[in-house]
2 protein chains.
Amino acid sequence: VNAADKLQNIRVVLCGTVHPGNIGACARALKTMGLTDLRLVHPVRFPHPQAEWLASGAADVLARARRHDSLDEALEGAAFTVACTARVRELAAPMVTARVAAARLIEVGATQPVALVFGNETSGLTGAEVGLCNLLATIPADPTYSSLNLGAAVQVVCYEVRQAALAGDMPRYATPELAAHRQIEDFYTDLEKTLVATGFLDPAHPKKLMPRLRRLFSRARLETEEVSILRGVLRSFRTPKIR
Amino acid sequence: VNAADKLQNIRVVLCGTVHPGNIGACARALKTMGLTDLRLVHPVRFPHPQAEWLASGAADVLARARRHDSLDEALEGAAFTVACTARVRELAAPMVTARVAAARLIEVGATQPVALVFGNETSGLTGAEVGLCNLLATIPADPTYSSLNLGAAVQVVCYEVRQAALAGDMPRYATPELAAHRQIEDFYTDLEKTLVATGFLDPAHPKKLMPRLRRLFSRARLETEEVSILRGVLRSFRTPKIR
């Protein structure tokens, strides 16, 4: 199962969004994370050119967004639902971090429809709306100013959902061809000889010079091509061209 | 050490931001995650009412944002720098996920100034800007549409930085004193001059020699003492003692 398949059952529901630009920004946030199912409950102004503008390359997600008359209706068919909120609620579902919630969404979402629910820009979700959900998720923000912009909050939570889908399957970026042990040792030998020749390294009092230089290059994990360049540099020091 | 202390040494640098609203959104993103040091390199329109508007409760972060004439200047004093990018680069620093980069930022940032760097909305960072940084970080997004809005990208990366800071007080092993940006740039200047003097580097056909060497040393995250040794080595090459 790849990431895209794991994300198919996840819908994102926005309740009572006031600014159309935020709806567009949320559509974009979803699409960048591989999510496509956006639901709008009572958007205040929609459709709207500002939504299109901020959706940018996610116009398709916006165009396919379904409107609902209530959160209850938008959650139809969902087997597991997560309400995103910035504050602790009395008598509500258990509260977890966005990261933990994302992992559970991916787990259940593997086989059944699930939903992520966000409230409006000023007051968030109502108690009744939160009451319809299974779990409360929060983004651990700075307690002195925890007010994320709606689009930014949707971006962070969708990001966590995608990372959960990728888990154990995180993208790995190609490592260039690293130099083999022998090549590197030959380079060190060459380096030491050159430093002795220039007088920088006194064989009678080597101090910790070679160990220090080895440690530096070792940290860099030299590539094959880099070792060639470095040895070329050393050669040029021993036999400089006359300029 | 609490989260707030761990975040004090982290600055966020925005290069060539076009839309003032995005600068405001970034200020807000920083503040929600407990970051306060915003740097602006050549913002296209700033100050601007739209920046204030989108900063919302983070007007203080916006007001304290420092302007710089170059990324080089904005990185002054930083011991470890991370460039955020959406694409894989040739001959650049190693690429890791935002999560991995955040952990390293927090590790080094515990004792030394560090920086997170973002490019502009359309083209991102230039090759030269990326070349000034130690590590490349990317947000694992959907490969078919990976274009996050600038404010959203800053929000996600700052979020990861905060989560890394909150991560259960991991045993920390002392990080040696890393060389500051300026020291390292001075070393590169010295290195280049020396290579030209020995004839290894032909200024008329520099090829990719300096970018390759920068990339190598950048990966190693040079320590202050190591830079001194390397400069001593270069000096000894220019004026060898007769043995």
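Start by selecting D69(A), D72(A), E73(A) and E76(A), which form a negative surface patch. A patch here takes residues with over 30% relative accessible area and no salt bridge, with like charges joined within 9 Å; Asp and Glu count as negative, and a charge is placed at CG of Asp or CD of Glu. Accessible areas come from the Shrake-Rupley method with a 1.4 Å probe, and only the protein chains shown count as cover.

Quick housekeeping: this is a predicted model, where local features need pLDDT of at least 70 and side-chain atom pairs count only at pLDDT 80 or more, while totals for chains, interfaces and linings use all residues. Residues are numbered from 1 along each chain as its sequence is written, chains are lettered from A and ligands numbered from 1 in the order in which they are written, and side-chain values use heavy atoms, leaving out hydrogens and water.

Stay on E76(A), in the loop between α5 (71-74) and β4 (80-84) of chain A. Helices (H or I, at least four residues) and strands (E, at least two) are DSSP runs, numbered from the N terminus. E76(A) is exposed, at 61% relative accessible area; exposed means over 50%, buried under 20%, and partly exposed in between.

Next, pick D142(A), in the loop between β7 (135-138) and α8 (150-166) of chain A. Is D142(A) buried or exposed? It's buried, at 13% relative accessible area. Leaving aside neighbours within four places in sequence, D142(A) is in contact (heavy atoms within 4.5 Å) with K31(B), T32(B), M33(B), G34(B) and R162(B).

Now for salt bridges, meaning a side-chain nitrogen of Lys or Arg within 4 Å of a carboxyl oxygen of Asp or Glu. The structure holds 28 of them over all chains. E185(A) is buried at 19% relative accessibility, whereas R214(A) is partly exposed at 31%.

Last stop: select E223(A) with R215(B), a salt bridge with closest N and O atoms 2.6 Å apart. R215(B) lies in helix α10 of chain B and E223(A) in the loop between α10 and α11 of chain A, so the pair joins two chains. Both residues are buried. Finally, highlight R212(A), R215(A), R219(A), E223(B), E225(B) and E226(B), joined into one network by salt bridges that share partners.

Note on methods. Buried < 20%, exposed > 50% of the residue type's maximum accessible area, 1.4 Å probe, protein only. Patch = residues over 30% accessible without salt bridge, like charges linked within 9 Å, V, L, I, M, F, W, Y side chains within 5 Å.
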